[in-house]
Each structure stands twice: as structure tokens, then as C-alpha cells.
Amino acid sequence: MAEIEALIKALSGHGVDEKTVISILGNSQPEHRQAFRKEGGFFAEDERRFERWNDHHVKLLKHEFMRFKNAVVLWAMHPWERDARLIKEALKKGPNSNSVIVEIASTRSSDELLGARKAYHSLFEHSIEEDVASHIHGKEKKLLVALVSAYRYEGPKIKEDVAKSEAKALISAVKNAEKQNPIENDEVVRILSTRSKPHLKSVFKHYKEIAGQHFEDELDVHLILQAAVQCLITPQSYFSRVLDEAMRDGADKNTKKGLTRVLVTRADVDIRAISDDYRNHYAIPLADKIEAKAKGSYKEFLLTLMARGS
Amino acid sequence: MATLVAPVQHSHIEDAKALYKACKGWGTDEKAVISILGHRTAAQRQQIRLAYQNLYQEDLVKRLESELSGAFEKAVYRWILEPADRDAVLANVAIKKACPDYHVIIEIACVHSPEELLAVRRAYQLSYKLSLEEDVAAHTTGDLRKLLVALVSVLRYDGPEINARLAKSEADILEDAIKNKAFNHEEVIRILTTRSKAQLMATFNRYRDDCGTSITKIIRNAIKGAGTDEDALTRVIVTRAEKDLKVIKEVYYKRNSVTLEQAVAKDTSGDYNAFLLTLLGKAD
């Protein structure tokens with residue numbers, strides 16, 4: 001039935017289309033609701049002959065209803081508290097969320113990252129460095145600890161000859177990938193975690209010139225390492241990729257959160273540039289994609305953030 | 001406690017004029033320089049520098065650099081800078097040496113509070129257009145690099161909370177590492193370079209309770225430092241005169257059976273000697 005389809009649609013995706021739910025479900029008679037329970041996959045036939053809510057689905061629904069509230073709370077937060085909480089959450093969620101730590105450490109300005117580290121002290125009575133160092137194991141650990149500890153020089157001055165020789169060091173690390181994963185290579189970690197961003201842009205420009213291809217296209221490069229490089233030198237591309245992955249059908253719970261995180265954390269910074277990059281890459285304006293995939297108050301909120309001041 | 005003896009009331013304009021007079025003409029009245037600068041707090045010194053700039057359109061620091069020389073000049077230069085600038089200069093000098101002075105870096109990184117270390121990092125960027133960790137990383141390799149870069153980069157939590165269970169487990173890790181003489185052990189570096197100072201104290205105390213010896217003794221024996229040299233003497237006295245030099249003097253006397261003043265008198269001479277002794281609190 002058209003109405004059941006519409007109701008299912010209103011409850012799937014990012015956020016909940018409250019108006020549709022109110023008008024369809026709110027106006028429904030018992031037999032309509034029973035028809036809804038028999039379709040849709042939100043319910044299952046219990047052995048005692050009633051259609052039972054699928055527990056897992058109730059949980060998913062809870063997340064969808066909370067998406068708007070989470071976005072609002074995150075938006076109102078001081079950026080330092082925001083970043084500190086995002087990092088804490090990523091640490092709790094485990095290795096699949098390590099990219100969030102990379103994202104925050106690498107795309108913020110030096111003072112923003114510093115602020116996040118101070119806020120983390122207040123909120124959690126530990127330093128980010130100590131929590132990352134003690135909770136993360138595996139190859140990414142070295143790089144992650146180094147990235148969250150950085151206080152990069154932010155001036156424009158770069159030394160081309162140093163950049164060139166550091167590009168060569170990276171090439172050598174990639175060539176040696178069989179013996180040691182580049183993400184654990186001391187020189188790679190040093191260069192990526194201490195050099196200024198303008199300097200790094202120059203390093204990777206030289207990389208492409210000497211090696212013949214982009215660092216991110218090298219096969220043996222760990223995904224986290226790729227993410228770090230992208231975040232450091234082309235953050236807008238990185239963010240538009242995160243947005244696209246978040247809005248893909250079948251995206252998992254954590255990936256979906258990227259939509260809120262990117263919109264809220266970049267709305268005051270470079271959401272226009274990200275939006276342009278998104279349109280160039282994915283052939284559809286970001287606002288249109290959000291209009292299609294997000295629902296209800298959550299959608300209105302995100303679109304409002306994007307449209308401010310335009 | 002500080003050893004610096006400084007008057008509560010002073011006119012920075014009078015001081016600036018007196019310093020100008022001391023530097024004017026042939027030669028310099030070093031005694032006057034010492035008697036003024038050696039008895040002023042950091043805040044007072046900055047006011048004098050400002051007053052001098054306003055009166056004579058010249059940076060007092062540059063003037064003193066051209067008038068003084070040798071170890072005395074170095075000491076005064078260090079003294080007159082703001083603490084954060086001073087430590088940035090010390091760090092840069094230490095790094096750029098043919099054989100980098102690692103213990104200077106360690107000292108700067110470990111003695112300061114997290115906010116003070118941050119101020120040093122900012123001052124470093126301002127002066128050298130590079131971050132401190134960049135320079136340290138580029139001039140060191142291997143395990144030393146791991147340790148030093150982490151030490152200068154960390155923003156330690158500065159609260160008093162400690163976790164006793166964590167102190168025990170990390171004391172065990174340190175004990176294991178020391179038994180196996182593995183000082184480059186990743187976990188040792190992690191603990192030393194990320195934990196808060198309060199937590200580290202708890203861990204070291206636990207270590208001492210479990211193993212009977214102090215961990216600092218072991219570390220000192222393992223990292224054989226260079227003997228006292230002029231730079232080190234200047235550095236310690238100049239940077240601590242306003243903070244805890246009194247305590248350091250007491251400990252020095254306990255450990256070496258001679259006072260720090262006697263040691264300074266023995267190893268230094270002339271104006272340099274006089275300046276250091278002034279900072280040590282010797283009455284004129």
C-alpha cells in the first residue's frame with residue numbers, strides 16, 4: 001500500500017520525517033497499523049501469534065529520532081568540547097573509528113587542536129595523548145599519537161630543498177613496503193606529524209613529480225595513512241568523501257554519523273568549499289543529496305546550517 | 001623558593017636611564033648592569049626593556065649584545081628575555097650544536113608546567129618559523145627522536161587525580177623494562193611521555209615501594225650526562241633564579257658538600273661570576 005511505503009520511507013534514512021509519521025501513523029486505525037506490522041520488516045511473527053517489534057529495529061529507530069537532537073547539541077557546543085568528545089567517542093568505538101581521530105587532528109588549525117586537548121583535560125581528566133597511546137594498538141598507533149600531539153607552525157614559509165628530500169624519503173618508505181609498512185616508518189611519521197601544512201603540500205607535489213603518481217594512489221599505503229595525507233593537504237576532498245560514504249545506502253551506523261559530524265564541524269569553516277568539491281566529484285549539489293537522503297527536522301537543520309549567510 | 005633579591009618599588013625609567021649611562025661611551029660599566037638587572041624580576045625587566053625602547057628608540061637587548069661579550073653576555077642575554085623566549089633560544093642552541101645537547105631539551109620539556117611548555121613552543125615558532133618538534137625531529141634519529149619529540153609535544157593533563165591500579169600496572173611495566181635493560185621499550189616511552197605528572201609520581205612511588213630503589217637513580221646511571229659546563233651552569237641558574245633555586249641550592253649542598261656559590265666561585269671569574277652570584281642571592 002502506498003501509505004505503508006510512505007511510512008516506511010519516513011522511518012528510514014537519516015533522521016525521521018516527523019510530519020509524515022504524524023499524518024499517516026497518527027491518523028491510522030488499528031487495521032492500518034496491523035497491515036504496517038505485517039509488511040516492512042520492522043516486525044516479526046512471534047510464536048505466540050502476534051507481530052512483534054524487532055528489537056534491533058527499535059534501536060535503529062531510536063538512533064534516527066536522536067539524530068536531530070545530537071546534531072543540535074553538537075552544534076551548540078564549544079568547538080573545543082566538540083572535538084574532545086568526538087575523539088573520546090572514536091576511542092571508545094574501536095579501530096574502525098581511528099579515521100575520526102586522524103580527521104580531527106589533521107584538519108583543525110594548531111590552536112583549535114590545542115583547545116581540543118585542553119578541553120579533553122577538563123572533560124576526561126586525561127590527555128588525548130595518553131588515552132590514544134594506551135587504547136590504540138596496531139600499526140596506526142605511532143602515527144595517531146604523533147598527529148594528536150602536533151602544534152604545527154602555520155606560516156607560509158617552506159624550504160623547497162627540504163621538501164624535495166622529504167618527498168624522496170617517502171618514496172623510499174613506499175618502495176620498502178614489503179619490509180616495513182610505511183605507516184610505521186619513523187621518517188613518514190616525523191614528516192607527517194611535525195611539518196607545516198604548506199610544507200607538506202610541497203612535499204607531495206614533489207612526490208608526484210619524482211615518483212610519477214600521487215602518494216594516495218600507491219597500493220601499499222595503509223588507509224589511515226592515506227586519510228592523514230588527504231586531511232592535511234586536501235581536506236575538502238576528504239570531507240566530501242566522508243559525506244558521500246555517510247549517505248550511501250547500507251552505510252553502517254558509524255559511517256552515517258559522518259553526515260552530522262562534517263556538517264556541524266565545518267559549517268563555520270569551509271562548508272562552501274566542501275560543497276563545491278562534492279558537486280565536482282559526485283555530479284550532484286550537496287544540498288540536493290541531503291534533501292534526498294535526510295528527513296524531517298534533522299534535514300531542515302542541516303540544510304539551514306549550510307544555507308546560513310548566503 | 002627564589003633566590004632573586006629585587007626591590008618592590010623601582011622606577012623602570014630610572015633603570016633604563018642608568019643602563020643607558022652604563023653602556024654609553026667607551027667600555028661598559030658591567031657592575032652597574034649587574035646591580036640593576038641582577039636585582040629585577042621578569043616583569044620588571046620587561047618594563048625596563050620597554051622604557052629603554054621608548055626613551056632611546058633602541059632594543060636594550062641589542063645594545064647589551066653589542067656591549068658585552070663571552071659567557072657574561074650569554075648569561076645576561078638569557079636573563080633579560082621573557083622566560084618562554086629564553087627557553088626557545090636555549091632549545092634552538094641545543095638542537096643546532098654539532099652534537100645536540102639532549103639534556104637541555106629534556107630539561108625544558110620536563111621542568112615546565114604544560115602551559116609554560118606551550119608558551120615555549122609558541123615563542124619557538126615566532127622566532128624560528130618552525131615548530132619545536134619539527135626541529136627536534138629533524139635533528140635526531142631513532143629512539144632518542146621518539147623520546148624527545150614526544151616529550152616536547154605532549155600537553156600533559158595537569159590535575160592531581162591518580163589511578164592507583166594504573167600506577168601499579170605501569171610500575172610493573174617499568175620494572176620489566178629495567179630488568180631487561182630495554183630503555184627504548186615502547187611502553188616505557190609511552191608512560192614517560194604521556195602520563196600526567198601526578199600519575200607519574202604515583203607510578204614512581206609504587207616502583208620504589210615494590211623494588212626498593214628509586215627509579216631516578218637508575219635512570220641517571222643509565223643516561224650518563226656530561227659534567228658541569230659553563231652553559232649548563234648559566235642555564236640552570238638563570239632559568240631557576242626566580243623559581244626554586246633556593247631548593248636546588250639546598251639539594252646541591254646536601255649532595256656535594258660544597259655550596260653552589262663556592263662551586264660557581266671556583267669555576268667562573270670576572271663579571272660572569274659576579275652576575276651569577278648576584279642571581280644566587282649574594283648581598284652586594
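Which side chains meet in a salt bridge at 3.5 Å, N to O? Hi everyone, let me start there: the pair is K118(A) and E115(B). Please keep in mind that this is a predicted model.

That pair leads us to the interface of chain B and chain A, where five salt bridges are found. Polar contacts cross this interface too, with 13 residue pairs counted, both partners at pLDDT 80 or more. The top contributor is α8(B), with five residues. Sorted by class, this side of chain B has 15 charged, seven nonpolar and five polar residues.

How much area is buried between the two chains? About 2400 Å², with carbon and sulfur atoms giving 54% of it. In chain B, the residues that lose the most area to chain A are E134(B), L155(B) and Y157(B), together 25% of what that side buries.

Now let's look inside chain B, which is divided into domain 1 (12–68), domain 2 (83–153), domain 3 (164–211) and domain 4 (230–279). Seven residues of domain 1 and six of domain 4 take part in the contact between them. Here the buried area is about 530 Å², and carbon and sulfur atoms give 62%. On the domain 1 side, E30(B), I34(B) and G38(B) supply 69% of the area buried against domain 4.

How values were computed:
Residues are numbered from 1 along each chain as its sequence is written. Chains are lettered from A and ligands numbered from 1 in the order in which they are written. This is a predicted model: local features need pLDDT of at least 70, side-chain atom pairs count only at pLDDT 80 or more; totals for chains, interfaces and linings use all residues. Side-chain values use heavy atoms; hydrogens and water are left out. Buried area is the accessible area (1.4 Å probe) that two parts lose on being put together, summed over both. A salt bridge is a side-chain nitrogen of Lys or Arg within 4 Å of a carboxyl oxygen of Asp or Glu. A polar contact is a pair of N or O atoms within 3.5 Å; within protein, one must be able to donate a hydrogen and the other to accept it, and residues adjacent in sequence count only if both atoms are side-chain atoms. Helices (H or I, at least four residues) and strands (E, at least two) are DSSP runs, numbered from the N terminus. Ala, Val, Leu, Ile, Met, Phe, Trp, Tyr, Cys and Pro count as nonpolar, Asp, Glu, Lys and Arg as charged, and the others, Gly among them, as polar. Domain bounds come from an automatic or database domain assignment. Contact means heavy atoms within 4.5 Å.
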